[in-house]
Amino acid sequence: MSDTQQSTTGAQRPESYSADEAYEVPSRSRPTAWVGVVLFGGIMMEMVGGFQLIQGIVALFKDDYYLVSPQGLVIEVNYTAWGWTHLLIGLVAIATGIGVMVGKMWARVLGIVIAVVSALVNIAFLSAYPIWSTIIIAMDVLVIYALAVHGRETGQA
């Protein structure tokens, strides 16, 4: 027998399909291992939210901690406004991270939006706290990748 032929002993060949019959597409019954990447994205989103909370609390209570005055920032706003901005982003990011880990579609969409907003806010805040803001931006990029590429399967897990 050649490599392309299979033995049919003991098994009957399926009948041919007519053009009128619907072809059943096999569906994936189990999620793949990429669900772990989405859970990683949810956990990273919660970490970003926690870091944003810390950054917001520092901005609210200790203005002299940062490298530049508010006039040296890209957007010249006092640190109290920056503190509330970081706190709000942090709280929404933590709640969204929980939703992502549960597998909700709205949480994936909101998670990507929050990660983009967080990255943009930290770019504007970069001169005040460069290393911390750079770390948060890098984490936001990981969150966006995990939620945008592999998020669909979490609802099946």
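**Close-up views of a predicted model**

View 1. Ser 133 is found in helix α4, which spans residues 130–150 (helices are DSSP runs of H or I with at least four residues, numbered from the N terminus). This is a predicted model in which local features need pLDDT of at least 70 and side-chain atom pairs count only at pLDDT 80 or more, while totals for chains, interfaces and linings use all residues. Residues are numbered from 1 along each chain as its sequence is written, and side-chain values use heavy atoms, with hydrogens and water left out. Ser 133 counts as buried because its relative accessibility is 0% (buried means under 20% relative accessible area, with a 1.4 Å probe and protein chains only). Leaving aside neighbours within four places in sequence, Ser 133 is in contact with Gln 55, Asn 122, Phe 125 and Leu 126 (contact means heavy atoms within 4.5 Å).

**View 2. Packing of α2 with α3.** Helix α2 (residues 79–102) and helix α3 (residues 105–124) pack at an angle of about 155°, with their axes 9 Å apart (axes are lines fitted to C-alpha atoms over the stretch in contact, and angles between N-to-C directions run from 0 to 180 degrees). The two helices are therefore roughly antiparallel (angles over 145 degrees).

**View 3. Aromatic pairs.** The structure holds 4 aromatic pairs (ring centres of Phe, Tyr and Trp, the last by its six-membered ring, within 6.5 Å). Tyr 79 and Phe 125 form an edge-to-face pair, 6.1 Å centre to centre with 85° between the planes (edge-to-face means over 60 degrees). Because Tyr 79 lies in helix α2 and Phe 125 in the loop between α3 and α4, the pair ties together parts 46 residues apart in sequence.

Conventions. Angles under 35 degrees count as roughly parallel, over 145 as roughly antiparallel, 65 to 115 as roughly perpendicular and the rest as oblique. Buried means under 20% relative accessible area, exposed over 50%, partly exposed in between (1.4 Å probe, protein chains only). Rings of Phe, Tyr and Trp (its six-membered ring) pair if their centres lie within 6.5 Å; planes under 30 degrees apart count as stacked, over 60 as edge-to-face and the rest as tilted.
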